[in-house]
Amino acid sequence: MILAVVLSLMLVLRAQAYTLESPELIDSTLGELAAWMVNQSQEDAPESWLGQYARSWAQQSQAGTLDEAVLLSRAQQVLVLLGLVVTALTIGSLAGLIAGAGWAGNGLVAALVAADVLLFLVPVSMADQTISLTLSAIFILVLAYIVLPGPITRVQSFVLVLSVIFLGWESGKGLAASLDYQITLPAPAWDYETYPSLDAALNALQVGETQAVIVDRNVVRDLVPPAPLENADPADYAYPELRYLTDFETDQQALGVLPVIPEFPGRLAVVVTVANAGLGSLDVVSSLHIGTVAGEFAEARYLAVARRAQLADLKILNDVNLPHLQNIAEALLQPARRNGPLLLIRILSDAALHTWGEAILGFAFGATLGFALGTLFAHFIPMERGLLPYVVASQTVPILAIAPMVVIWLGAGSLAVAVISAYLTFFPVTINTLRGLRAPHPNTMELMRSYAASRWETMWKVRFPAALPYIFTALKVSATASVVGAIIGELPSSIRDGLGRAILDFSSDYSLVSTPKLWAAILVAASIGMFSFLIVSLVEYLVVGRYARK
């Protein structure tokens, strides 16, 4: 932990060294937010509450507009403060560990949270070591927490796992970028020689100086007949004894399994003699002595490029597919369109509330239906045998196939979305209710019969309390599934107010600008799913605890 203290102090010094012209400060999440607030302070009637606050602040300063330098100075103070918080909490945890205090683990968790927040605020820059220092501090804190004696609570475990995810996220991106997003091994280079013109290269092939020629397809197809010939007459071409291959496998593999890069460009063609017209793959061609035209595309962009056997393709970690955490946070705290009146987080929050309302309605309907079916099946075995196979079969139909039909039947609207959401939620509740209601021990059921208890009394005094853990397990699964169902249901319903439309809009333009917004929408959707799970867990604690105390 001493190393973590040193690293956090270095973070503080690094943040203090920023100037108001430092790109690390201007391009930070808070720096970009400051620029937006300056623009909003110049508006007559900003729409968002943060814009109204900026306008009010500007009026109080009697300057007519906010001073961006003041806001950047405040942003720098926040970064310094976070570094000091990490330092203080780490020192406190170290002191608590030495003293044997039980709160040392809580201090480490709080320090991890503060360090994680820095990842969302500081931009990644090759010229700045702030992110590297932050990741190193997180790594040391995680290691310190793992070796810390004592039990780990759920909250501590959650923060620990989340910190590991963030650490792997940014570290993986950094490693992939250093490897140019691919892990490769050297492959044998092309054996080729160049000629001053295409005619010289083709003549060399005819006389046996080379075994194949690789040139531009558009240039050679008027001079050499194709292979297979089909309806072509070799006598109509300038080189009737040669063929350019039109039907052969261009994928190359090293050791039989590893793809070879660079890939064979589609604009190129392989020309061979009639005797070799049956060559079926580029792997065979790569073992031949090749001729080409000096300085042309075939040489400069393909044959002269070092061949590599690709062990792993890491493009999934590039900035288009997986943006930095700071880019996602910046997207949330910037308007959806340039200089727009509302921040993306405000737009996504409104969309999340709309989707959550539909999910709650679908969850309530699906949970009620599931409980009713489970109760019916538990008490009437013929009903279970007759209907349960259809309940199971309903879940084999993809939700994407069901959703458009529900919209057609019920019309585009929140009701159709709720029904689609209920389709995903009722099944786990049905199965777990059935299993839970049959969970009581046979001796307990025999005792209730000896008391001449009715089915109603047995249901609520024995079966239902025994089924509660099963039911709440299903409800927690259904709570998150209802959010997924609501988002999917919004797509064919053409509802523009929910998260489904936002995710669809941002995914339609996959670029450095839209991808962080897409991830932001995904994180907001995940947040309402987690919140729904926590609400059900709280209700479970209250209800199951009540029955346990009886």
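**Ground rules.** I number residues from 1 along each chain as its sequence is written, and I use heavy atoms for side-chain values, leaving out hydrogens and water. Since the model is predicted, I ask for pLDDT of at least 70 for local features and count side-chain atom pairs only at pLDDT 80 or more, while totals for chains, interfaces and linings use all residues.

I took helices (H or I, at least four residues) and strands (E, at least two) as DSSP runs numbered from the N terminus, and I called two strands paired if DSSP finds at least two bridges between them. On that basis I found six strands forming an open sheet in the order 2-9-3-8-5-4, with mixed pairing. Its edge strands are strand 2 (192–195) and strand 4, each of which pairs on one side only. Looking inside the sheet, I saw that strand 5 and strand 8 run antiparallel and are joined by three bridges, and that Leu242 has Thr273 in strand 8 as its bridge partner. I then looked for a helix on this sheet, taking contact to mean heavy atoms within 4.5 Å, and found that helix 9 (residues 198–206) packs on it, touching strand 2, strand 3 (212–216), strand 5, strand 8 and strand 9 (290–293). The direction of helix 9 makes about 160° with that of strand 3.

**Entry 2, strand 10.** I next followed strand 10 (residues 308–313), which runs antiparallel to strand 1 (residues 182–186) and is joined to that strand by five bridges. Strand 7 (residues 258–261) is also antiparallel to strand 10, with two bridges between them.

For axes I used lines fitted to C-alpha atoms, for helices over the stretch in contact, with angles running from 0 to 180 degrees between N-to-C directions. I sorted the angles as roughly parallel under 35 degrees, roughly antiparallel over 145, roughly perpendicular from 65 to 115, and oblique for the rest. Helix 6 (residues 104–121) and helix 13 (residues 325–332) pack at about 70° with their axes 6 Å apart, which makes helix 6 roughly perpendicular to helix 13. Here Leu119, Phe120 and Leu121 of helix 6 meet Leu325, Gln326 and Ala329 of helix 13. For classes, I counted Ala, Val, Leu, Ile, Met, Phe, Trp, Tyr, Cys and Pro as nonpolar, Asp, Glu, Lys and Arg as charged, and the others, Gly among them, as polar.

The axes of helix 14 (residues 344–379) and helix 20 (residues 499–508) come within 8 Å and cross at roughly 135°, so I recorded these two helices as oblique to each other. Leu344, Leu348, Ala351, Ala352 and Thr355 on helix 14 meet Leu499, Ala502 and Phe506 on helix 20, a contact with seven nonpolar, one polar and no charged residues.

Most residues other than glycine have a negative phi, and most peptide bonds are trans. I noted a cis peptide bond between Ala227 and Pro228, with omega about 5°, and Pro228 lies in the loop between strand 4 (226–227) and strand 5 (242–245). The bond from Ile261 to Pro262 is also cis, with omega near 5°, and I placed Pro262 in the loop between strand 7 and strand 8 (268–273). Asp180, although not a glycine, has a positive phi of about 60°, and sits in the loop between helix 8 (154–178) and strand 1.

I worked on a 1 Å grid over the protein atoms alone, where a cavity is a set of points at which a 1.4 Å probe fits but cannot get out, a pocket is an open set with protein on both sides within 12 Å along at least five of seven lines, and lining residues have an atom within 4 Å of a point. Grid points are joined across faces, edges and corners, and a volume is the space filled by probe spheres set on the points. My search of the whole structure found one cavity of 30 Å³ or more, and the largest cavity has a volume of about 50 Å³. Its lining divides into seven nonpolar, two polar and no charged residues, and helix 1 gives the largest share, three residues.

The largest pocket has a volume of about 590 Å³. Of its 22 lining residues, Glu32, Glu330, Ala331, Gln334 and Val513 are the closest to its centre.
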